Amino acid sequence: MIHTVTRWTLAALGPLALFAPKGLYLPLVIISIVGISDHKFKSVRSLITPAWISLLCFVVWMGLSCFWSINPRISWITLKKVAPLVGLAPLFYLYMASLSSSEFNRHLSLFFKGLWLCIGILILDYFLDYPLIDIIHTNRSATYSRFMTTSCLAIWLFELTQRYPRYQIAFVLFSIATSAWLIFPYEFDAGPVALLLGCLIVVLTLILPKLMNKMIAVGIALAPICVALGVGLFMTQDHWQKIAVDPYSGSSQQRFEMIDWASKHVLSSPVVGIGVGQTPELSIVSPIQSYVTTDGDFQKITLFRSGVLHLHNGLLQILLELGVIGSLLLGLFMVSLIHQGYQQVKNKSCLALMHGYVTTLIFIVSVSFGIWQIWWLSVIIMVTVLFSLRVSDEKQNSVIYGQLA
């Protein structure tokens with residue numbers, strides 16, 4: 001009975017992503033809580049790893065940051081929203097890890113069927129001239145972006161389960177590249193670009209697996225700090241005069257302006273940050289500047305007078321709000337996961353898919369949604385746990401990819 005409930009709950013992830021993305025945390029909550037009666041914490045010792053310990057330290061640091069934040073009330077609200085989801089992650093992991101291989105595959109099968117159902121709806125929506133936009137009452141990007149994001153992560157998990165006759169990696173790359181091409185009309189550029197970058201990393205990993213594993217791990221840990229130092233120290237008004245040639249700044253320039261603004265504030269409080277959830281508050285106290293050229297005159301104007309909800313760059317926002325300490329704790333968590341995956345996944349093809357998934361995830365985190373949005377955190381937690389369990393299952397992977405080893 002428990003497995004039936006959790007399977008169908010997981011199947012609801014795709015439909016929720018398309019029709020009710022604000023409820024995407026519900027499958028995580030339901031499966032994590034219901035699953036307790038099945039695993040009963042029998043393998044809780046499996047959580048004593050560098051990855052889980054660093055994640056716990058990261059959450060504790062989030063709580064401590066509330067005491068020096070600009071608006072402590074907002075920080076506590078953010079913490080109360082985020083901490084329970086992160087706390088559910090080990091429960092979700094314990095339940096999924098306790099399943100037999102056959103039962104785990106049944107869960108994945110229903111998960112994929114939920115996604116395929118929604119893809120069928122999108123095909124019908126395309127031929128009917130996108131009525132979903134009117135039904136959901138929002139623009140094209142907002143209507144489809146949550147489902148497209150979920151699909152961009154899930155496709156890597158799907159590829160792990162496929163039995164291609166020959167030239168498996170060629171089929172994988174073709175299917176992922178085709179998916180990227182099909183997503184472009186839905187005005188969610190981050191997804192297709194992330195998938196194509198993931199394909200590139202897959203190829204590079206097949207050629208240099210050990211080097212790429214180290215590069216990805218180091219990049220995740222140090223990239224936000226390097227960006228903040230590079231932009232914060234060297235980006236000047238002279239550079240903006242060369243960039244800002246239009247009377248209005250486009251979305252790409254605005255995101256770069258947010259990066260410039262955040263980087264300079266990171267340098268003013270590099271170690272501990274400004275406090276979790278404080279980016280909107282800081283953008284009101286210290287407005288973001290936009291640079292434009294009107295009638296040949298270079299001007300600075302206030303961007304987003306009412307403040308910004310997030311930076312569209314989750315890694316940089318964590319560095320801004322939680323400082324170098326928080327950023328390194330999160331980096332340690334990701335590095336530990338990648339290192340653990342490298343040790344467990346002996347097959348080059350599976351390792352390549354893992355790197356492709358990580359690349360896709362990190363790119364979307366770095367250019368799109370707010371890192372503290374609970375629907376986004378829930379998707380990251382669920383798909384990452386499912387992927388990590390599936391990619392490290394050597395018994396199944398040796399059957400599927402044994403010919404490529």
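1. Ile207 lies in helix H11; helices are DSSP runs of H or I with at least four residues, numbered from the N terminus.

2. A word on the model before going further. It is a predicted model, in which local features need pLDDT of at least 70 and side-chain atom pairs count only at pLDDT 80 or more, while totals for chains, interfaces and linings use all residues. Residues are numbered from 1 along each chain as its sequence is written, and side-chain values use heavy atoms, with hydrogens and water left out.

3. Ile207 also belongs to a nonpolar patch on the surface, together with Phe184, Val193, Leu196, Leu197, Leu200, Val203, Leu204, Leu208, Leu211 and Met215. Together these residues have about 900 Å² of accessible area, by the Shrake-Rupley method with a 1.4 Å probe, where only the protein chains shown count as cover for residues. Such a patch takes residues with over 30% relative accessible area and no salt bridge, joining nonpolar side chains (Val, Leu, Ile, Met, Phe, Trp, Tyr) within 5 Å and, for charged patches, like charges within 9 Å. Helix H11 (190-207) and helix H12 (209-234) each supply at least two of the residues, and H11 gives the most, with seven.

4. Do have a look at H12 itself. This helix bends by about 50° at Leu222, with a proline, Pro224, following within four residues; the bend is the angle between axes fitted to the seven residues ending at a residue and the seven starting there. Among the buried residues of H12 are Met212, Ile216, Ile220, Pro224 and Val231. The buried residues of H12 pack against H11, helix H14 (251-268), helix H16 (314-344) and helix H17 (348-367), contact meaning heavy atoms within 4.5 Å.

5. How many salt bridges does a search of the whole structure find? There are three, each a side-chain nitrogen of Lys or Arg within 4 Å of a carboxyl oxygen of Asp or Glu. Glu103 pairs with Arg7, with the closest N and O atoms 2.4 Å apart. This pair links distant parts of the chain, Glu103 being in helix H7 (residues 101-127) and Arg7 in helix H1 (residues 2-11), 96 residues apart. Both Glu103 and Arg7 are buried.

6. Glu103 also forms a salt bridge with Arg106, at 3.0 Å between the closest N and O atoms. Glu103 and Arg106 are three residues apart in helix H7, so about one helical turn separates them. Arg106 is partly exposed, at 43% relative accessible area.

7. The remaining pair is Lys264 with Asp260, whose closest N and O atoms are 2.4 Å apart. Both lie in helix H14, four residues apart, about one turn of the helix. Lys264 is partly exposed at 34%, whereas Asp260 is buried at 4%.

8. Finally, the cysteines. A search of the whole structure finds zero disulfides, a disulfide being a pair of cysteine sulfur atoms within 2.5 Å. Why is Cys118 too far for a bond? Its sulfur is 14 Å from the closest cysteine sulfur, in Cys152. Cys152 is in no disulfide either, since the nearest cysteine sulfur, that of Cys199, is 11 Å away. Cys118 is buried, at 0% relative accessible area, and Cys152 counts as buried at 0% too.

Key:
Buried means under 20% relative accessible area, exposed over 50%, partly exposed in between (1.4 Å probe, protein chains only).
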